Amino acid sequence: MAETAKRKRMLLLFLVALLILVVAAAIAVGVYRQKTVVIELSLYSGNSWGVPQNFAYAIYDKAVELFEQRYAEKGYHLKLRTGMMYKDYSEWFAQQVLKGKEPDLFLIIEEDFTTFAAIGLLEKLDHYIIKSDLSEHDFFSNALEAGQYQGSQYALPIGIVPSFLIYNQDLLDSLGLSIDLEHWTWEQFYRLCSQITGDLDGDGELDRFGVEGYDWHQAFYTNDSALFNEKSSQAGFTAQHMAEMLGFLKKMHALNQGVVVREGMFEEGRVGFKTFNLSEFRVYGSYPYRILRYDDFDWKAIPFPHGPHGSSKSKLYTVQLGMSSRSKHKDVAFEFLRFISSDQEFQYQIWEYSNMLPVNREAFDRIYHSGIMQRDGMRSLDREFIESVIADSYIDPDFKKYPVIDDYITQRIFKIIAQDEDISTGIVDLRQLINTLLVENTTVKSVNI
């Protein structure tokens, strides 16, 4: 009898203890859920400058690791949405938006930025920035400008990739040619390209050419400042400057006698100059990748030549991160935006885990002082040169129809050059084309928020 009573007491104690554990666990889960904030970040694999990169998400994994460590007490966590290639990302993301399932934070394809800002999908960041310790002086100004729309900040930059020219130094030396960077103009560039271009085997066909990858964008922005007016409502280029550019490009085109300079000819030693960017420089300036493509000759980086009314300029590629205006955790999302764009510890590792430069100036300084550019046989880029390229760079116009209009401009300019059309007539037609395209279908539909 006593034994039975004892067993009952033991069972009762066990049940009470089990109940206490269940209640405690439920309370702990409730507290955890109340304390923990999970935000989502969507990423793409690839980039707009076309350079392959292994471990595409490594830099973002590192950002999540450091951020969660930094804010462990606050319970901030990030969930990454990955698996989308760069070329498929826009379509996939548009589907998420239509379903109302876009993440709190997302990488933004450059061509999509102005559309997202115009329709209200992107959260305006101005008031968050004012309340934070962010300073515009911590960033390269052009990188910050890439995330601005109609005077407001809608995205923050993570990394930048400046572009420039490289040249085959061995080839120029063998021809007794040199570059005068103090007077680095279209005229000098054309003269060098004409001296490089030639039929080497006497079969009547050209074997060697002046430049690979050079197009009207590099020419335009080195002789004029803007394609459109300030409101992007009309063409804004200067007729004289456009005429000078078209005349120069006609001369350059004529050098090749109708032959298309295909990608890869520079690495074969058959081209004097090539448009390049820092990401390519990082990959192909390092061992072992250098020996695969550019180890047969010495090559160096230089700015783009300028026209009679301009200066050396080149495109600045940026990686931008934005916040959904429908996010339920905007304050936390902005904390991550602020962290990934300005935290010096993380920004320093941009160079380590990607082929970009950091947008934070202090991290940029540390990279140059650390000597890591020379590691593994990396060709060093002169600091003064790369800073001047960044400072003198341009970003694409910030209105949503620009990518489409840019395609039309490219086609029209190619026709003027390739078919040797009258330049004055071509400029009139080009201005009319741009103005017509700017007027058509300019309205946008806002996101339902």
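Predicted model: local features only at pLDDT ≥ 70, side-chain atom pairs only at ≥ 80, totals over all residues.
Residues are numbered from 1 along each chain as its sequence is written. Local features need pLDDT of at least 70, and side-chain atom pairs count only at pLDDT 80 or more.

**Exercise 1.** Find which residues of helix α3 are buried, and which are exposed on the face turned away.

*Solution.* Start with the term: buried means under 20% relative accessible area, exposed over 50% (1.4 Å probe, protein chains only). Helices are DSSP runs of H or I, at least four residues; strands are runs of E, at least two. Helix α3 spans residues 86–98, and its buried residues are Y86, Y89, W92, F93, Q96 and V97. They cover an arc of only 140 degrees, taken from the directions from the helix axis to the C-beta atoms, which puts them on the same side of α3. The face turned away carries the exposed K87, E91 and L98.

**Exercise 2.** What covers the buried residues of α3?

*Solution.* Contact means heavy atoms within 4.5 Å. The cover includes β1 (37–45), β2 (76–85), β3 (105–108) and α4 (113–118).

**Exercise 3.** Classify the ring pair Y128 and F334 as stacked or tilted.

*Solution.* Rings of Phe, Tyr and Trp (its six-membered ring) pair if their centres lie within 6.5 Å; planes under 30 degrees apart are stacked, over 60 edge-to-face, the rest tilted. Here the centres are 5.3 Å apart and the planes at 25 degrees, so the pair is stacked. Y128 lies in α5 (residues 126–131) and F334 in α13 (residues 330–342), so the pair ties together parts 206 residues apart in sequence. Y128 counts as buried at 8% relative accessibility, and F334 counts as buried at 3%.

Conventions
Heavy atoms only, no water.
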